[in-house]
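I opened this notebook to record what I looked up in one structure. The entries follow the order in which I consulted it.

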Amino acid sequence: MNRLNKALAAEQLEITGVLPAVPSDTLHHSIRTIALISPAPDFWAHFTQSPEYTGNQPHPLDRWSRRVIGRIAGDHQATACFPFGGPPYQPFLCWAKRSGRAWASPVGPLVHDTQGLMISYRGALGLTSQIAATPGTNPCPACPAPCLTACPVGALGATPYNVPKCKAFLDTAPGSGCMEAGCLVRRSCPVGQNFRKPEQLAFHMKAFNPR
């Protein structure tokens, strides 16, 4: 694992969950462990120097993830899995919950023990070795839940996410704050403050609500 962690760190990636593979995962029978891969705090500066980002082609982050995580998988005799490119799609949300380090937040999206509501999974590695999981602590029970009231139009809160209402707000002048610096609900989470790079959040918001 030390060699794998070093290879991931060189690409500003980190393991954010480990879980045992089970038959229902429909992976190769030799895979015993699934390691979830997410951006590290300094990922954005690293990614923006890549040929995928500078090449002005569609879906640069997905293409970067395929190339980089795919190469790391090959170097470590692992199988690369991705949350895009389907259908069919791999059950990343279920894997995250099974890892014991991510839970449904009060507003619905997953919250991670160290990355909060900013958690994202760029891929996963299926490993043939068995690795013990290290569960984290759900930060929500002890939190005052600022996420429940952070949305200016109530599109994301205690009730199911109202996507049309959210996007309608993003297209207004007041919504430019979310477009330029990221969703206020996600930014309100006190966990994972070092994962909030405005340019990185704006990149994802543009992908979510292209104009």
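**Entry 1. Conventions.** I noted that this is a predicted model, in which local features need pLDDT of at least 70 and side-chain atom pairs count only at pLDDT 80 or more, while totals for chains, interfaces and linings use all residues. Residues are numbered from 1 along each chain as its sequence is written, and side-chain values use heavy atoms, with hydrogens and water left out.

**Entry 2. Helix 6.** I took helices (H or I, at least four residues) and strands (E, at least two) as DSSP runs numbered from the N terminus. Which residues of helix 6 are buried? In helix 6, residues 163–170, I found Cys166, Phe169 and Leu170 to be buried; the term means under 20% relative accessible area, with exposed over 50% and partly exposed in between, for a 1.4 Å probe and protein chains only. Seen down the axis, these buried residues of helix 6 fall within an arc of 100 degrees, so they line one face of the helix. The arc is that of the directions from the helix axis to the C-beta atoms. I recalled that an α-helix has 3.6 residues a turn, so residues three or four places apart point the same way. The buried residues of helix 6 pack against helix 7 (176–181) and helix 9, where contact means heavy atoms within 4.5 Å. At the N-terminal end of helix 6, I found Asn162 as a cap, with a side-chain oxygen 3.0 Å from the backbone nitrogen of Lys165.

Entry 3. The buried residues of helix 9 are Gln200, Leu201 and Met205. They cover an arc of only 135 degrees around the axis, which puts them on the same side of helix 9. Turned away from that buried side is a face with the exposed residues Glu199, Lys206 and Ala207. I listed the packing partners of the buried residues of helix 9, among them strand 2 (33–39), helix 2 (43–47) and helix 6. Asn209 is placed in the segment after helix 9 (198–208). Is Asn209 buried or exposed? I found Asn209 buried, with a relative accessible area of 6%. Apart from neighbours within four places in sequence, Asn209 contacts Lys167, Leu170, Asp171 and Met179.

**Entry 4. The cavity.** On a 1 Å grid over the protein atoms alone, a cavity is a set of points where a 1.4 Å probe fits but cannot get out; lining residues have an atom within 4 Å of a point. I found one cavity of 30 Å³ or more. The largest cavity has a volume of about 100 Å³, a volume being the space filled by probe spheres set on the points. Of its 13 lining residues, the closest to its centre are Cys151, Cys166, Leu170, Cys178 and Cys183. The largest share of the lining, three residues, comes from helix 6.

**Entry 5. The second largest pocket.** A pocket is an open set with protein on both sides within 12 Å along at least five of seven lines. The second largest pocket holds about 160 Å³ of space, and its lining includes Met1, His76 and Gln77.

**Entry 6. Trp64.** I located Trp64 in helix 4 (residues 60–75). Trp64 is buried, with a relative accessible area of 1%. Trp64 and Gln77 are 13 residues apart in sequence and 20 Å apart in space, C-alpha to C-alpha.

How values were computed: Polar contact = N/O pair within 3.5 Å; in protein donor to acceptor, adjacent residues only side chain to side chain.
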